[in-house]
Amino acid sequence: MDYVMAFIVGGAICAIAQSLMDIGKLSQMKVMSLLVAVGAILGISGIYDRLIAIAGAGASLPITGFGYFLIKGVLVQKESNGWLAIGAGMFQFAGAILSFAIVLSFFTALICKPKG
């Protein structure tokens with residue numbers, strides 16, 4: 001049942017993004033920025049915590065999960081003094097995601113022939 005819920009929630013997030021691009025005629029960058037902001041807002045309100053409890057990876061892997069993890073780091077560090085601690089907290093949870101994306105992009109560029 002966990003796989004089914006992950007598939008349904010992750011698929012719904014992707015379907016919303018695709019419909020924004022197809023029906024709403026929004027560019028990919030606008031949709032991506034919108035979904036990161038929505039994930040952050042739902043993370044602040046606590047709704048995304050419940051969504052991750054229900055769907056697991058189906059909610060944390062789409063781009064909305066990146067916005068959620070950025071805000072989660074800020075909320076953990078909000079008791080610390082200074083903006084530097086809050087800024088570092090943003091990448092406490094999202095740092096692994098960014099590192100993985102950079103390393104994967106590097107090895108993909110080695111294997112494939114990038115244009116440009």
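Residues are numbered from 1 along each chain as its sequence is written, and side-chain values use heavy atoms, without hydrogens and water. Because the model is predicted, local features need pLDDT of at least 70 and side-chain atom pairs pLDDT 80 or more, whereas totals for chains, interfaces and linings use all residues.

**Exercise 1.** Classify the ring pair of Tyr48 and Tyr68 and state whether each residue is buried or exposed.

*Solution.* Step 1: rings of Phe, Tyr and Trp (its six-membered ring) pair if their centres lie within 6.5 Å; planes under 30 degrees apart are stacked, over 60 edge-to-face, and the rest tilted. The structure holds three such aromatic pairs. Step 2: the centres of Tyr48 and Tyr68 are 5.1 Å apart and the planes lie at 35°, so this pair is tilted. Step 3: Tyr48 belongs to helix H3 (residues 47–55) and Tyr68 to helix H5 (residues 63–77), 20 residues apart, so the pair links distant parts of the chain; helices are DSSP runs (H or I, at least four residues), numbered from the N terminus. Step 4: buried means under 20% relative accessible area, exposed over 50%, and partly exposed in between (1.4 Å probe, protein chains only). Tyr48 is buried at 1%, and Tyr68 is buried at 6%. Step 5: ring pairs join Tyr48, Tyr68 and Phe69 into a cluster.

**Exercise 2.** Classify the aromatic pair of Phe106 and Phe107.

*Solution.* Step 1: the centre-to-centre distance is 5.3 Å and the angle between the planes is 70°. Step 2: the pair is therefore edge-to-face under the limits above. Step 3: Phe106 is partly exposed, with a relative accessible area of 49%, and Phe107 is partly exposed, with 47%.

**Exercise 3.** Describe the lining of the largest pocket by residue and by class.

*Solution.* Step 1: on a 1 Å grid over the protein atoms alone, a pocket is an open set of points where a 1.4 Å probe fits, with protein on both sides within 12 Å along at least five of seven lines; lining residues have an atom within 4 Å of a point. Step 2: the lining residues include Val36, Ser60, Pro62, Phe66 and Leu98. Step 3: H5 gives the most to this lining, with three residues. Step 4: by class, the lining has eight nonpolar, one polar and no charged residues; Ala, Val, Leu, Ile, Met, Phe, Trp, Tyr, Cys and Pro count as nonpolar, Asp, Glu, Lys and Arg as charged, and the others, Gly among them, as polar.

**Exercise 4.** State how many disulfides a search of the whole structure finds.

*Solution.* With a disulfide taken as a pair of cysteine sulfur atoms within 2.5 Å, the search finds zero.

Terms used:
Helices (H or I, at least four residues) and strands (E, at least two) are DSSP runs, numbered from the N terminus.
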